[in-house]
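Here's a quick briefing to read with the model open beside you. Have a look at the fold first, then work through the points below.

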Amino acid sequence: MIEEKIEQAKQFIEEADAVLITAGAGMGVDSGLPDFRGKNGFWKAYPVIEQLGLDFEDIANPGWFANEPNLAWAFYGHRLHLYRATNPHAGFRMLLALAKEIDNYYFVYTSNVDGQFQKAGFDQDKIVEVHGSIHHVQCSGACKGILKANNISVEIDMDIFQALTTPLCKKCGDVLRPNILMFCDCSWNNLRSNKQEVKYEKWLKALIKQGKKLLIIEMGAGKDISTVRMQSEAISQKLKAKVIRINPRDSTISDKLGIGLDCGALVGLEKIFNNINSE
Ligand SMILES: NC(=O)c1ccc[n+]([C@@H]2O[C@H](COP(=O)([O-])OP(=O)(O)OC[C@H]3O[C@@H](n4cnc5c(N)ncnc54)[C@H](O)[C@@H]3O)[C@@H](O)[C@H]2O)c1
Ligand SMILES: [Zn+2]
């Protein structure tokens with residue numbers, strides 16, 4: 001059954017001359033990153049947060065930067081270091097090779113904040129980070145300015161889950177926070193993500209004008225926060241583009257829109273691209 005779908009995926013790829021790569025947290029799992037699927041998945045990655053009786057939605061809240069910045073930076077500082085230290089799995093390279101084959105006519109749309117597509121060599125002008133990037137910070141005070149997080153490194157006592165230092169805004173002295181969309185977050189500065197979206201919209205318009213045949217390859221996008229899945233489906237409907245949805249648990253998709261591969265991102269991409277290369 002999966003073989004049939006792989007054949008179909010291969011066909012979609014052969015017919016496409018533009019590709020939209022969409023990805024959620026599951027894309028990073030095969031690089032060794034946690035997704036935050038359910039409380040258990042999240043607590044497995046952050047046992048101390050379980051002991052504090054908090055779940056992902058509780059801790060991913062901007063209120064901590066005002067009230068308990070050392071706890072907030074323990075969580076985000078740990079994630080920042082983890083994402084910096086992680087190397088993208090081979091599936092990223094396969095997608096990049098496909099992008100090159102179609103004259104770089106691609107765009108990446110992701111809710112991941114981990115910067116793994118940039119690290120894998122994708123052009124940062126062809127990426128929408130719809131929930132922001134952990135590699136950027138903003139002031140949590142009134143000035144809200146966005147800066148690269150390159151110089152930020154946070155020492156963390158993992159036993160008590162407290163940052164020993166918290167990065168501060170040089171302009172006003174308020175604590176900095178990652179430039180990512182959290183829960184109940186009305187202070188996220190979305191300027192950077194909005195600029196990326198403008199480029200993406202332009203790309204879509206040009207694609208329509210040029211009559212390109214678009215293929216959407218989606219990996220690891222969950223149902224709970226369904227921004228990425230909805231984007232794949234909306235663009236599929238609008239442009240009559242096929243979707244290849246790769247997800248070991250949530251691969252369902254209507255036949256009209258495309259096919260679902262019931263496996264991890266790396267395995268799925270290997271099956272598709274090995275298949276193509278061996279022809
Ligand atoms: N790396 C990151 O940047 C990161 C990590 C965790 C959460 N988040 C954020 O949390 C929110 C969670 O939403 P989400 O839907 O992206 O994540 P999610 O944790 O809700 O869902 C992850 C999805 O990935 C699938 N999955 C698990 N293993 C996989 C694998 N090996 N290959 C492919 N898919 C796999 C799961 O079945 C699930 O559907 C998002 O807003 C995202 O910004 C980001
Ligand atoms: Zn400031």
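A crossover counts as right-handed if, with the strands pointing away from the viewer, the path from the first strand over the helix to the second runs clockwise. Helices (H or I, at least four residues) and strands (E, at least two) are DSSP runs, numbered from the N terminus. With that in hand: S9, helix H10 (residues 227-239) and S10 form a right-handed β-α-β unit.

A word on the source: this is a predicted model, where local features need pLDDT of at least 70 and side-chain atom pairs count only at pLDDT 80 or more, while totals for chains, interfaces and linings use all residues. Residues are numbered from 1 along each chain as its sequence is written, with chains lettered from A and ligands numbered from 1 in the order in which they are written.

**The chain as a whole**

- You'll find 11 helices and 11 strands in the chain.
- The radius of gyration (taken over C-alpha atoms) is 19 Å, close to the 19 Å that the globule rule (2.2 Å times the number of residues to the power 0.38) gives for 279 residues, so the chain is as compact as a globular protein of that length.
- Along the principal axes, the C-alpha atoms fill a box of roughly 55 × 35 × 30 Å.
- Buried residues account for 44% of the 279 residues; buried means 20 or more other C-beta atoms within 10 Å of a residue's own, exposed means 12 or fewer, partly exposed is in between, and C-beta atoms are placed from the backbone.
- Take the contacts (C-beta atoms, placed from the backbone, within 7 Å) between residues at least 6 apart in sequence: 68% of them join residues at least 24 apart.

- S1 runs parallel to S9, joined by 6 bridges (strands pair if DSSP finds at least two bridges between them), and Leu20 sits opposite Ile216 in S9.
- S1 also runs parallel to S2 (residues 106-110), with 5 bridges, and Ala23 has Thr110 as its bridge partner there.

- S10 (residues 242-246) is mostly covered, with 5 of its 5 residues buried.
- Lys242, Ile244 and Ile246 point one way from S10, whereas Val243 and Arg245 point the other way.
- S9 (residues 214-219) is parallel to S10, with 5 bridges between them; Leu215 is opposite Lys242 in S10.
- S11 (residues 258-261) is parallel to S10 too, through 4 bridges, and Gly260 in S11 is the bridge partner of Arg245.

**Around ligand 1**

- The shell holds 28 residues, and Gly24, Gly26, Gly220, Gly222 and Gly264 come nearest; a residue is near the ligand if its C-beta atom, placed from the backbone, lies within 6 Å of it.
- By class there are 11 nonpolar, 10 polar and 7 charged residues, where Ala, Val, Leu, Ile, Met, Phe, Trp, Tyr, Cys and Pro count as nonpolar, Asp, Glu, Lys and Arg as charged, and the others, Gly among them, as polar.

**Met182**

- Met182 lies in the loop between strand S8 (176-180) and helix H9 (191-209).
- Met182 is buried, with 21 other C-beta atoms within 10 Å.
- Not counting residues up to four places away in sequence, Met182 touches Ala60, Asn61, Pro62 and Trp188.

Technical notes:
Contact = placed C-beta atoms within 7 Å.
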